[in-house]
Amino acid sequence: MSDGDNNPAAIPVPVADVQGDGRWMSQHNRFVADTKDKEPDVLFVGDSLLQLLHQFEIWRQLFSPLHALNFGIGGDATQHVLWRLQNGELENIRPKVIVLWVGTNNHEHTAEQVAGGIEAIVHLLNQQQPQAKVIILGLLPRGKDHNPLRVKNALVNELVRNTVEVLSNTVFLDVDPGFVSSDGTISHNDMYDYLHLTRHAYTSVCKLIHSQVQQLLGEVVSDSVNPGF
């Protein structure tokens with residue numbers, strides 16, 4: 001699916017410093033520093049949908065008690081997350097569960113390439129964090145009305161869902177509680193800019209994530225108590 005070395009969505013690259021202030025690299029370096037003095041049981045990695053989640057009370061209610069770290073950076077695409085993970089963000093930590101949410105920013109790539117980029121990230125996680133169970137969050141629909149990006153994200157989800165069947169320690173989780181109404185529109189009450197989530201929408205999405213994370217944490221405990229079963 002990833003077209004090997006020819007898939008640009010699966011070739012790790014850092015974000016170009018177009019602002020000239022090194023903000024992306026600064027965030028990455030802060031994450032690397034976090035791995036040296038924190039011991040997360042749950043690691044979240046991805047783009048702005050995870051980065052912004054960290055600012056809401058629902059994060060402190062549901063995920064902080066699980067000893068979670070949030071390595072989300074706004075604007076990241078699959079190739080950027082892949083670079084970050086290859087350059088220090090997985091060192092010094094041994095999370096039990098890793099939550100991955102990325103792909104909606106891969107505007108220049110096909111659905112097949114995006115799915116291949118996600119697959120490349122999962123392979124890296126399996127190699128460097130073999131003890132961790134990985135949750136791939138499905139891409140959400142976007143845009144006020146029906147548009148090509150919705151079609152593309154839906155196809156990415158379909159491809160990833162099929163790929164997960166042959167990936168180790170990995171599950172796919174659809175976190176769309178039904179953002180698209182019967183007339184095909186998305187409400188600004190759920191996505192204030194038809195991409196990023198409101199506090200209300202995060203509550204719905206996070207309940208789904210929290211349930212899956214707790215289930216996998218329970219399986220990790222069970223596996224440690226009954227090795228080989």
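Q: What does it mean for two strands to pair?
A: Two strands pair if DSSP finds at least two bridges between them. Helices (H or I, at least four residues) and strands (E, at least two) are themselves DSSP runs, numbered from the N terminus. In this predicted model, strand E4 (residues 133–137) and strand E5 (residues 170–173) pair in the parallel sense over four bridges.

Q: How are residues numbered, and what limits apply to a predicted model?
A: Numbering starts from 1 along each chain as its sequence is written, and side-chain values use heavy atoms, with hydrogens and water left out. Because the model is predicted, local features need pLDDT of at least 70 and side-chain atom pairs count only at pLDDT 80 or more, while totals for chains, interfaces and linings use all residues.

Q: Which unit do E4, helix H6 and E5 make, and how is its hand read?
A: A crossover is right-handed if, with the strands pointing away from the viewer, the path from the first strand over the helix to the second runs clockwise. Here E4, helix H6 (residues 148–164) and E5 make a right-handed β-α-β unit.

Q: Is helix H4 buried or exposed?
A: Buried means under 20% relative accessible area, exposed over 50%, and partly exposed in between (1.4 Å probe, protein chains only). In H4 (residues 78–89), ten of the twelve residues are buried, so the helix is largely enclosed by the rest of the structure. Among them are His80, Leu82, Trp83 and Gly88. Contact means heavy atoms within 4.5 Å. The cover over the buried residues of H4 includes helices H1 (23–37) and H5 (111–128), together with strands E1 (42–46), E2 (68–72) and E3 (97–101).

Q: What span should H5 have?
A: The expected span of a helix is 1.5 Å times one less than its number of residues. For the 18 residues of H5 this should be 26 Å, and its end C-alpha atoms are 26 Å apart, which agrees. H5 is also mostly covered, with 14 of its 18 residues buried.

Q: How many salt bridges are there?
A: Side chains of opposite charge can pair when their charged atoms come close. A salt bridge is a side-chain nitrogen of Lys or Arg within 4 Å of a carboxyl oxygen of Asp or Glu. By this rule the count comes to seven. One of them joins Asp41 and Lys96, with the closest N and O atoms 2.8 Å apart. Asp41 lies in the loop between H1 and E1 and Lys96 in the loop between H4 and E3, so this pair ties together parts that are 55 residues apart in sequence. Another salt bridge joins Arg60 and Glu57 (3.0 Å, N to O). These two residues are three apart in helix H3 (residues 57–62), and about one helical turn separates them. Asp76, Arg84 and Glu89 are linked in a network of salt bridges.

Q: Where does Asn70 lie, and what is it in contact with?
A: Asn70 lies in strand E2 and is buried, with a relative accessible area of 10%. Leaving aside neighbours within four places in sequence, Asn70 is in contact with residues including Phe31, Phe44 and Trp59. A polar atom of the Asn70 side chain lies 2.7 Å from the backbone oxygen of Leu50. The backbone nitrogen of Gly72 lies 3.0 Å from a polar atom of that side chain.

Definitions and conventions
Polar contact = N/O pair within 3.5 Å; in protein donor to acceptor, adjacent residues only side chain to side chain.
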